Amino acid sequence: MLNETPEWQALEAHAAAMKGRHIAGLFAADPKRFENFSLAHDGILLDYSRHLADAETMKLLFALARSNDLEGWRDKMFAGRKINSTENRAVLHTALRAPESSTVTVDDENVMPFVHDTLRRMEQFSDAVRSGTWTGHSGKAIKTVINIGIGGSDLGPRMVCDALKWDRDSDITVRFVSNIDPCDLALALADADPETTLFIIASKTFTTQETLANAQAAKDWLLAALGDETAVAKHFCALSTNEQAVRAFGIDPANMFPFKDWVGGRYSLWSAIGLPICIANGFARFRRLLDGAQAMDRHFQDEPLDRNMPVILALLGLWCRNFMGADALAVLPYAQDLKLFVSWLQQLDMESNGKSVDRDGAPVSYGTGPVIFGQPGTNGQHAFHQQLHQGPAMIPCEFIGVLHSRKPQDNHHDILLAHMAAQSQALMQGRGLEQSGDNPHRVCPGNRPSATILLDRLDAYHLGQLLALYEHKVFVQGIIWGINSFDQWGVELGKALASDILLNAKNSAVHSLTGYIRENS
């Protein structure tokens with residue numbers, strides 16, 4: 001068991017000693033602490049100097065990583081080995097952004113020709129839609145694109161489209177529908193013109209209940225206006241692997257963009273699932289997104305552990321989770337354009353590492369994935385930051401800032417970054433009773449850890465780096481915890497039960513409840 005190893009026990013002993021120290025004291029003892037506990041790479045800075053960690057902490061954490069063969073598992077993932085053991089699948093989202101000249105083999109097949117053929121088709125299709133050469137059933141150019149998906153088929157592309165909205169150079173409106181609540185689809189359709197609307201149905205299996213129900217409703221809406229079944233082929237495309245179901249729906253298989261089972265949903269925005277990004281921002285920017293992610297992939301592969309940004313971020317998270325007693329992590333982007341980032345990260349991290357058995361199926365006796373929450377600064381400061389500063393639980397924070405604003409406005413951006421720096425400083429130093437005028441209500445304990453990630457700018461390339469950084473962080477933690485980060489059987493249970501309830505509607509609790517409400521309203 002992991003927590004019985006010498007490396008783990010050495011960290012436990014070290015943590016007991018560190019709990020008597022203060023982060024501010026670490027700065028006082030080391031005039032070069034920022035230089036020694038920060039790392040810059042290709043337009044991204046990671047400052048982890050405000051963690052309750054010293055050189056010995058990092059040495060012991062790197063030893064824990066090596067003892068769990070992190071580098072070997074990393075190589076297996078990039079090589080296409082089937083490290084998703086419960087589903088017997090490779091984990092190859094990294095291949096989706098790799099150069100065409102590279103070779104990645106799965107089941108004796110080099111997958112790179114498939115990856116780049118799909119990318120070329122995505123480029124051709126998105127260019128045709130954006131230029132107006134792709135037209136609807138009546139010959140009119142597309143003006144509205146509605147992506148219908150859920151989970152990874154929605155969160156990733158929706159987040160990227162929102163983050164890069166200032167880079168759009170087309171008058172096409174791109175919207176997203178994920179919720180089975182009919183209000184979600186109704187809002188997307190409210191001012192849409194059936195003659196100029198294109199639907200993207202994003203479902204790997206083309207069987208996802210919520211997505212297919214929304215897709216059928218969208219099809220009914222279209223046909224009610226156009227009255228011709230053949231119109232479906234000119235107003236729907238599919239991101240899927242199930243050609244038979246796609247064809248049965250009425251979508252031309254020529255407009256189906258596939259991806260392989262080694263692309264997990266929460267890692268899929270780099271695949272055909274990224275088609276709405278291509279339409280919203282142009283394929284060239286989607287390519288830059290891939291390039292940024294690939295640059296972080298190379299960094300993760302090539303750099304030693306002690307100069308490796310995803311590894312350091314992951315190990316500090318594990319230090320806080322397992323040795324400092326933190327059950328949650330606040331992720332705080334000080335960039336309004338990243339307002340959907342935490343929603344994307346919640347799925348990435350909590351669906352991957354929210355596990356309580358190891359890869360062999362044995363229960364773990366230590367904490368795994370933390371609860372992830374957050375929202376953009378400075379809004380969060382007027383919501384839950386009070387809990388971060390004075391609550392009884394220590395909650396580590398990860399701040400994400402952008403050095404150069406896309407929309408400079410007087411000194412607004414300077415104010416934003418000043419607040420981000422102040423929050424990190426306040427969490428560290430706190431405020432004592434004497435500073436508080438002997439008023440205990442104003443005391444902040446301080447000594448609360450944080451890291452800061454600073455991007456040079458928020459463009460497609462740097463966003464790709466940031467997303468890949470967090471993908472690899474989650475991977476590293478899962479490997480050390482000994483869990484499979486790439487299945488999601490808890491999600492599958494809920495889906496199965498929902499289907500059972502619908503099939504047995506007369507006996508279901510939900511129908512009993514709705515019947516009671518109707519009878520008593």
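**Entry 1: Asn 214.** I looked up Asn 214 and found it buried, because its relative accessibility is 4%. Buried here means under 20% relative accessible area, exposed over 50%, and partly exposed in between, with a 1.4 Å probe and protein chains only. I note that this is a predicted model, where local features need pLDDT of at least 70, side-chain atom pairs count only at pLDDT 80 or more, and totals for chains, interfaces and linings use all residues. Residues are numbered from 1 along each chain as its sequence is written, and side-chain values use heavy atoms, with hydrogens and water left out.

I placed Asn 214 in helix H9, residues 209-226. Helices (H or I, at least four residues) and strands (E, at least two) are DSSP runs, numbered from the N terminus. I then listed what Asn 214 touches, leaving aside its neighbours within four places in sequence: Ile 148, Val 177, Ser 178, Asn 179, Ile 180 and Leu 185. Contact means heavy atoms within 4.5 Å.

**Entry 2: the sheet.** I traced an open sheet of five strands in the order S6-S5-S7-S8-S9, with parallel pairing. Two strands pair if DSSP finds at least two bridges between them. Strand S6 (173-177) and strand S9 (256-257) are the edge strands, since each pairs on one side only. Inside the sheet I checked S7 (residues 197-202) against S8 (residues 236-239), and the two pair in the parallel sense over four bridges. Ile 200 stands opposite Cys 237 in S8.

Next I looked at the helices on this sheet. H8 (residues 182-189) packs on the sheet and touches S5 (144-148), S6 and S7. The direction of H8 makes about 170° with that of S6. H9 also packs on the sheet, touching S5, S6, S7 and S8, and its direction makes about 160° with that of S7. Axes are lines fitted to C-alpha atoms, for helices over the stretch in contact, and angles run from 0 to 180 degrees between N-to-C directions.

**Entry 3: strand S10.** Why is strand S10 largely enclosed by the rest of the structure? Seven of the seven residues of S10 (residues 328-334) are buried, so the strand is largely enclosed. I sorted them by face: Ala 328, Ala 330, Leu 332 and Tyr 334 lie on one side, and Leu 329, Val 331 and Pro 333 on the other.

I found S10 joined to S11 (residues 371-373) by three bridges, the strands running parallel. Leu 329 has Ile 372 as its bridge partner in S11. S10 also pairs with S12 (residues 397-404) in the parallel sense, over five bridges. There, the bridge partner of Leu 332 is Phe 399.
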